[in-house]
Amino acid sequence: MRKKLLLGNWKMNKTPAEAKQFCLDAREVVSYAIAHNVDIGVAPTFVCLESVVANKPEGLIVSAQNCSEHDHGAYTGEVSIPMLKAVGVDWVIIGHSERREYNGETSKACNAKIKAMLASGVTPVYCCGESLETYEKGETKPFVAEQIRVGLEGLTPEEAKKVVIAYEPIWAIGTGKSASKEIAEDTIGFIRRTLKESFGVAAMDIRILYGGSVKPNNIAEYVSQEDIDGALVGGASLEPDSFKGLVENLVK
Ligand code: PGA
């Protein structure tokens, strides 16, 4: 049985003081989620991580939005896995489409980071998803299969089980134009079959999230699908009220 997961991706939003206020306001809803056997977390910017770790409600997962594959050294602007662990962070989102688009992150680079994370006991949330052009050409499945194959290359089935996958069609991110539950389930079911080819039965234990304009009023449709194990949510995760709405609709 795969445990449901709700992860808020704050992207480049909130100061440390605002992040602290969110933590104070989200206490009840985090306990509620945990009491209903749902894993719940947020991914703040690097500068907000310490504030969230210090003020977070018990059990809230704290994730970074990127990391370096290297432990230390001459990598200006980067943050390493040991540094994240030192401030109490042991989850990292990797390969988000915005990082692929604006920062040239490739699936191969993600693979190196994922291996470094797994070696350090950190949970990767590996993002994949196609552009509108690829979707309209009907090439979603081969495109996503390649992202999965390259990103997870060389992992053992035991390691693969520790990875969370997030399928986020780029045309649905921040656009208000979410993929229908049928489209999301079709692609996510395909991703699970792709994982099965590489990792066998371990694929049944890998959590796969849907992301892209998930809101309180549509989250239930996604998580009721057989292969969808939760959501990676941007805009609707920023305010405590809508975060609460996401949780309430996810558990009901
Ligand atoms: P959105 O973002 O929920 O604002 O569409 C999702 C994401 O990019 O993770």
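Me: How far is the sulfur of Cys 128 from the closest cysteine sulfur, and in which residue is that sulfur?

Reply: The model is predicted. A disulfide needs two cysteine sulfur atoms within 2.5 Å. The closest cysteine sulfur to that of Cys 128 is too far for a bond. It belongs to Cys 127, and the distance is 7.6 Å.

Me: Is Cys 128 buried or exposed?

Reply: Buried means under 20% relative accessible area. Cys 128 has a relative accessibility of 3%, so Cys 128 counts as buried.

Me: How many disulfides does the rule give?

Reply: A disulfide is a covalent bond between the sulfur atoms of two cysteines. Cys 48 is in no disulfide, and its nearest cysteine sulfur, that of Cys 23, is 9.4 Å away. By the distance rule, the count of disulfides is zero.

Me: What is the relative accessible area of Cys 48?

Reply: The cut-off for buried is under 20%. Cys 48 is buried, and its relative accessible area is 0%.

Me: Why do the buried residues of H2 line one face of the helix?

Reply: Helix H2 covers residues 27–35, and Val 29, Val 30 and Ala 33 are buried there. Look down the axis of H2: because its buried residues fall within one arc, they line one face. That arc is 100°.

Me: Which exposed residues does the face of H2 turned away from its buried side carry?

Reply: The buried residues of H2 pack against strand E2 (38–43) and helix H12 (240–251). The face turned away from the buried side carries exposed residues: Glu 28 and Ala 35.

Me: Which residue with a positive phi follows H2?

Reply: Its phi is near 65°. The residue is Asn 37.

Note on methods:
Residues are numbered from 1 along each chain as its sequence is written. This is a predicted model: local features need pLDDT of at least 70, side-chain atom pairs count only at pLDDT 80 or more; totals for chains, interfaces and linings use all residues. Side-chain values use heavy atoms; hydrogens and water are left out. Buried means under 20% relative accessible area, exposed over 50%, partly exposed in between (1.4 Å probe, protein chains only). Helices (H or I, at least four residues) and strands (E, at least two) are DSSP runs, numbered from the N terminus. The arc is that of the directions from the helix axis to the C-beta atoms. Contact means heavy atoms within 4.5 Å.
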